[in-house]
Amino acid sequence: MRFTTDQQTLEDLNIFGKHGVESIYTLFNRTYTRGGAAILEEWFRYPLSDEKIINRRSQTIQYFTDAGTAFPFKTEWFDQAEQYLSNHDERTKLVAGDQTLRDKMTSLVAEDSDYKTIYKGVTSLIEILQCMRQFIGTIDDHAADGYRAEKEEFRVLLAETALQPLLEETQKGKWPYGKIAGYDALLRFRHRDIIRKLLQRIYQLDLYISVARLARERGFAFAEALPGDRHVVRLSGVYHPQVRQAVPNTLEINPGSNFIFLTGANMAGKSTFMKSLGIALFLAHMGLPVPASAMVFSVRDGIYTTINLPDDLGMGASHFYAEVLRVKKIARELSLGKHLFVIFDELFRGTNVKDAYEATVALSAAFAERRDSMFVISTHIIEAGEVLRERCENINFVYLPTRMQGTKPVYTYTLEEGITEDRHGMVIINNEGILEILQQGSPKITKTRKV
Amino acid sequence: MSFIADRQSIDDLNLLGKYRAGSIYGLFNKVQTRGGEKLLDEMFREPLTDPSAINQRSGVFLYLQDKDYGFPFSREQFGVVEDYLGAGSAGNILTTMAGVFRRRLMEGLVKDEAYGHIREAVRTTVSFIQTCRNFIGRFDEQEAPELLGDKIRTVKEILDDKRLTGLPREEETGDLSWQKVAVLHHLFVHVLELEMGRLCEILCYLDCCIAVSKVAADRGFSYAHALPEDEYMFHAADLRHPGLDKAVGNTISLDQDRNVLFLTGANMAGKSTFMKSFGIALYLAHMGFPVAARDMVFSVKEGLYSSINVPDNLSMGYSHFYAEVQRVKTIAEEVARSRSLLVIFDELFKGTNVKDAYDATLAVTAAFARYRNCTFIISTHIIEVGETLREEHDNLQFSYLPTVMEGAVPRYTYVLRDGITSDRHGMMIIEQEGILEIITTPQLLPDRALQP
């Protein structure tokens, strides 16, 4: 089964972001080649749901992280090679020994740009091939368990007899026309498929190495994927990768406590914490390193978040109704027996208190029955928590605290057990001095006119 | 001084924007001329604050709506004339003659098109002036409102100029000699350049006003009567949203003894729509425009502030609650400057917990209510605030939008009633959608079994 998610979730977690804005994708997109970036995007579009593939990918990146491997190629080789390979029109093939006197004269006076492209393409590809062979030799077979299969593929591809003259080539300085023409036929036409396959493998290698470098720089951890039916997620020191000096938190979810009930005052960091959970889960399902100190997780069939649900008041649908439809959509997915990770920020905030209270209790109790899925729900309605505590034994109550320093609220951003009654709305209003502003102003009229 | 409405308010009410779906500007933009559109833009951007100016302008619209003459030019025809007259020319009659003769020759010799263009433009202008004369002749400048009468008089004076009265009739322009074309060309673009410019300008004004009055007639809008600021009152019957076809009208009166409207109602009962209707009507009324209401009378205000769709700016670290607090602060600063404003708050403090929302709504409403020179419309889900406010203040008007239950289906009347409602149907909507059943009666995928 494919890992599923939706547009709302991608936007909530800022996975791709708006154009030109920092996003999770741009954070990871450190590849040296354009081909590498394309593969990364595919990984982001299609997260995995098979723990074996996830673990293999994750172990490979971990090997390169530990080894501190640098990308051995020059970026411009690939640009030149790609431009060269993209033209596979037979008529542009160089024919050996066919360089006429006129061609020679022309190349003396002004450089032929077509020939130049071919020349650069051929020499770049030969550099790439030779560099690759050398690089393969440096990979430690024992340490790089996850990469063994791909390394073997490289060895087979490079052992191709047709490529041997290229690998043994030792030409220095300016290459003669005849030699270029010979290799051109080989690279661009006769063994095009092998070359393509090789380049694709190298782009993949680029991605491993560039992600590994990111993991090393940022100190990201490698998540261990478990089979889906274990239903556990253990996260230590998870934080939001885009928040400066983010405070890490630790959380365990298992079938005995698969429902996280989160409370906290405004601005205490509830949304940020939920986003960091979602991002870690999402990244882990691609086999990428996660912003945490350690992570173990059972693969899920999908992740759904509801953090910034837009109110479509212009269309006549109230915020509340938008939330109801969203819950319904997730309920449908759950009823198919999928194992989901569900995040709801401030469930039912678009309605009156009593409705919100009843709806939160009813839905939370129904969700909590599904021990094969995981739920993280934040709310302002702490009364719902008290009732749920008595009804369901698998709810984990946590909160983000606020400490008051005089009249100034200070936030620790560190999870604690329980339900908090912290509320500082009035404190914030008082700090902004809104009531004073209004009291100091003088209305033009304050008294009722006598009739 | 102009009427103030900031970005957020204009977006909330969807007032401006030529290309925005359902914008109020788009509703009225039925003009034919570019000049008319520019004028409409200006009116929308700068509503008036002087009651007599407002009433004069609405008087013009009303007069034109009564007469229903229509605007006699199409967008293309007017555009051609405007471009031709606007291009201008220099020189005396001799150089113009020489120029036209040269082009006439070129036409004969090398099929040059320039002469043809000039002749066409001259003919269109002749017919344009004739249409103008017929059109303007229907107006009686004595009877028309002063603002319009002056303009009509100016146009008549221009058309009565003896240099224009001697023009050939439209039917005779088929075979003009090149000399005649040259003389007329010189007359239009050089001799009468200023007069023709003024003529076009006034026609654009008429176009704009006629378009607005046409919209009023088509949609059954009426004109509001403006009173001086210190009357502090607002009344409208059958007030509805101008963009909705089947909108339900409501009657509403507010004055300084009742300057706060406290609005309650269930989800989807139409609270936001009512508040928007009110804001839009007041904005249009300040422009002298027709409003979607009957018998509207209002004292002018200095501006309008609304807080309907305040976006949460979580990326900037603003929670929804904090964004709202900032918005309230901005408005409080304006109100405290002793301005007469209309202030609209839709579901104040919905981004926080109940107790905070209760405390905050109570404190903020009470502090605002003191300013009887301003009008406030406040909607909330927290009905308890209303009870407390009712005891402490005498200048609040309590209204609600009811929900009628027909079996298990809620129906909304959209008609205001007095009082506070405790209607709520959130759970009912959830039940209607059958969400709980979906969760409890799974239809598993083939390879799935529920965990014990």
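## A helix pair in chain B

In this predicted model, helix H5 (residues 75-87) and helix H7 (residues 114-137) of chain B have axes that come within 10 Å and cross at roughly 115°. The crossing of H5(B) and H7(B) is left-handed. On the side of H5(B), the contact is made by B:Gln77, B:Val80, B:Val81 and B:Tyr84, and these meet B:Ala121, B:Thr124, B:Thr125 and B:Phe128 of H7(B). Sorted by class, the residues of this contact of H5(B) with H7(B) comprise five nonpolar and three polar, with no charged residue among them.

## The contact between the chains

Where chains A and B meet, 61 residues of chain B and 57 residues of chain A take part in the contact. On the side of chain B that touches chain A, two or more residues are given by each of helix H13 (320-336), helix H14 (354-369), helix H16 (426-433) and helix H17 (435-440) of chain B. Of these elements, H14(B) provides the largest share, 10 residues. The composition of this side of chain B is 30 nonpolar, 17 polar and 14 charged residues.

## Overall form and domains of chain B

The secondary structure of chain B consists of 17 helices and 15 strands. Its C-alpha trace spans about 95 × 70 × 45 Å along the principal axes, and chain B has a radius of gyration of 30 Å, whereas a compact globule of 452 residues would have one near 22 Å.

The domain assignment places residues 53-218 of chain B in domain 1 and residues 221-436 in domain 2. The C-alpha centres of these two domains of chain B are 49 Å apart, and the contact between them involves eight residues of domain 1 and nine residues of domain 2. Helix H4 (51-67) and helix H11 (193-219) of chain B each supply at least two residues of the side of domain 1 that touches domain 2, with the largest share, six residues, coming from H4(B). That side of domain 1 of chain B is made up of five nonpolar residues, two polar and one charged.

## Domains of chain A

Chain A is likewise divided, into domain 1 (31-218) and domain 2 (223-440), and the C-alpha centres of these domains of chain A lie 46 Å apart.

## A six-stranded sheet in chain A

In chain A, six strands in the order E6-E7-E8-E4-E9-E12 form an open sheet with mixed pairing. Its edge strands are E6 (302-306) and E12 (416-417) of chain A, each of which pairs on one side only. E6(A) pairs with strand E7 (residues 340-344) of chain A in the parallel sense over five bridges, and A:Thr306 has A:Phe344 of E7(A) as its bridge partner.

Notes:
Residues are numbered from 1 along each chain as its sequence is written. Chains are lettered from A and ligands numbered from 1 in the order in which they are written. This is a predicted model: local features need pLDDT of at least 70, side-chain atom pairs count only at pLDDT 80 or more; totals for chains, interfaces and linings use all residues. Axes are lines fitted to C-alpha atoms, for helices over the stretch in contact, and angles run from 0 to 180 degrees between N-to-C directions. Helices (H or I, at least four residues) and strands (E, at least two) are DSSP runs, numbered from the N terminus. A crossing is left-handed if the near helix is turned anticlockwise from the far one by less than a right angle, and right-handed if clockwise. Two residues are in contact if their C-beta atoms, placed from the backbone, lie within 7 Å. Ala, Val, Leu, Ile, Met, Phe, Trp, Tyr, Cys and Pro count as nonpolar, Asp, Glu, Lys and Arg as charged, and the others, Gly among them, as polar. Domain bounds come from an automatic or database domain assignment. Two strands pair if DSSP finds at least two bridges between them. The radius of gyration is taken over C-alpha atoms; the globule rule is 2.2 Å times the number of residues to the power 0.38.
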